[in-house]
Amino acid sequence: MAAMIIDGKAISAQINSETAEMTAKLKAQGVTPGLAVILVGNDPASQVYVRNKVRTCEELGFESRKITMSEDVTTADVIREIEKLNNDPAIHGILVQSPPPPQIDEAALIDAISPDKDADCFNERNVGRVLIGHRDGVKPCTPWGVMELLKRSGISLSGKHAVVIGRSNIVGKPLAAMLMQKSRDANATVTVVHSGTKNLAEIVRQADVVIAAIGKANFVTADMVKEGAVVIDVGINRVFNPETGKSKLTGDVDFESVKEVASAITPVPGGVGPMTIAMLMRNTVDAAARTLK
Ligand code: NAD
């Protein structure tokens with residue numbers, strides 16, 4: 001039986017409309033949520049991501065601030081901009097679009113952002129809070145987006161075996177922490193597999209929920225997925241099609257074959273991608289609301 005397609009566009013639209021309502025209420029109390037995005041250099045994909053973030057801010061009624069810096073700036077130059085934003089009461093969320101040019105120390109930038117304005121949830125304090133299951137505060141956008149997709153699709157995780165493929169600091173590790181929390185919407189048994197795992201396919205085949213975040217197009221094939229498993233595809237890979245001469249966005253999951261064995265699956269595009277921006281906006285509005293407490 002073909003899988004249910006989990007519609008990340010529709011679910012993110014629902015989250016954004018809740019965020020717009022929260023924004024209107026905050027504005028009535030004199031606080032306009034403000035998100036600042038720093039873009040260093042000319043990476044074309046980064047420019048698209050930043051444009052989408054600024055556009056979503058406008059749609060939701062936020063103040064958005066785009067700071068564009070040239071390709072040859074130093075880490076200290078970017079930190080100076082971050083410090084201005086840290087001290088600006090109109091700004092509640094700050095992020096530096098990744099990846100910055102190679103001379104920039106990205107970890108130093110993450111450290112420089114005030115933990116209270118860390119809209120991406122990359123800061124050590126905030127990552128630590130996610131690990132210990134802190135309920136309030138900022139959450140990592142992509143992992144949180146995955147959790148919301150599952151919850152709002154009525155898929156329970158409690159007692160299920162979730163296998164996360166990939167151990168990055170922005171997706172795999174924090175997602176594993178969120179999936180295993182002792183809470184109503186989590187409570188999964190979690191295995192993380194990665195480039196050092198020996199019998200990866202065998203472990204993935206045991207999963208009730210598979211989450212792929214590796215950055216390798218069509219890596220997860222139908223033979224690696226148990227009949228009836230839920231499959232969430234975080235991957236975004238640009239694959240060149242010589243027939244059309246264009247590149248196409250492709251996930252880490254071989255969607256066409258896996259949808260025949262899975263019970264539910266996210267598409268790429270239109271799955272996890274729009275959720276990441278929706279959760280970034282929610283982090284910002286939540287940070288703005290905390291300034292009233
Ligand atoms: P990353 O490159 O930082 O990490 C990739 C992880 O995959 C590593 O932990 C590595 O061990 C593992 N890996 C790589 N090759 C492997 C293999 N052959 N077998 C097993 N494990 C392997 O990547 P990331 O930042 O976590 O991103 C992963 C993917 O998700 C990318 O395609 C990225 O574009 C995408 N992404 C999407 C969103 C979104 O909003 N949808 C957000 C972040 C990342």
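Author: Let us begin with Cys121, which is buried, with a relative accessible area of 3%. The model is a predicted one, in which local features need pLDDT of at least 70, side-chain atom pairs count only at pLDDT 80 or more, and totals for chains, interfaces and linings use all residues. Residues are numbered from 1 along each chain as its sequence is written, and side-chain values use heavy atoms, with hydrogens and water left out.

Reader: Why is Cys121 called buried?

Author: Buried means under 20% relative accessible area, exposed over 50%, and partly exposed in between, with a 1.4 Å probe and protein chains only. Cys121 has a relative accessible area of 3% and is therefore buried.

Reader: What is noted about the phi of Cys121, and where does the residue lie?

Author: Phi of Cys121 is near 60°, a positive value in a residue other than glycine. Most residues other than glycine have a negative phi, and most peptide bonds are trans. Cys121 lies in the loop between α4 and α5. Helices here are DSSP runs of H or I with at least four residues, strands are runs of E with at least two, and both are numbered from the N terminus.

Reader: What makes Asn218 partly exposed?

Author: Its relative accessibility is 34%, so Asn218 counts as partly exposed. Phi of Asn218 is near 55°, again a positive value in a residue other than glycine, and the residue is placed in the loop between β7 and β8.

Reader: Which peptide bonds are called cis?

Author: The bond from Ser98 to Pro99 is cis, with omega near 0°, and Pro99 belongs to the loop between β4 and α4 (106–112). The bond from Val268 to Pro269 is also cis, with omega near 0°; Pro269 is found in the loop between β11 (264–265) and α10.

Reader: What covers the description of the faces of β7?

Author: Val209 and Ile211 on one side, and Val210 and Ala212 on the other, are all buried, and both faces of β7 are covered.

Reader: In what order do the six strands of the open sheet stand, and why are β1 and β6 said to stand at the edges?

Author: The order is β1-β11-β8-β7-β5-β6, with parallel pairing. Strands β1 (4–5) and β6 (189–193) each have a single partner strand, so one side of each is left without a neighbour in the sheet.

Reader: What makes β3 and β4 the edge strands of the three-stranded sheet?

Author: That open sheet has the order β3-β2-β4 and parallel pairing. Strands β3 (63–69) and β4 (93–96) each pair on one side only. Strand β2 (residues 34–40) and β3 pair in the parallel sense over seven bridges, and Glu63 in β3 is the bridge partner of Gly34.

Reader: Which residues come nearest to the ligand?

Author: A residue is near a molecule if one of its heavy atoms lies within 4 Å of it. Of the 21 residues around the ligand, Arg167, Ser168, Val234, Ile236 and Thr276 come nearest. Helix α10 (residues 272–290) gives the most to this shell, with three residues.

Methods: Two strands pair if DSSP finds at least two bridges between them.
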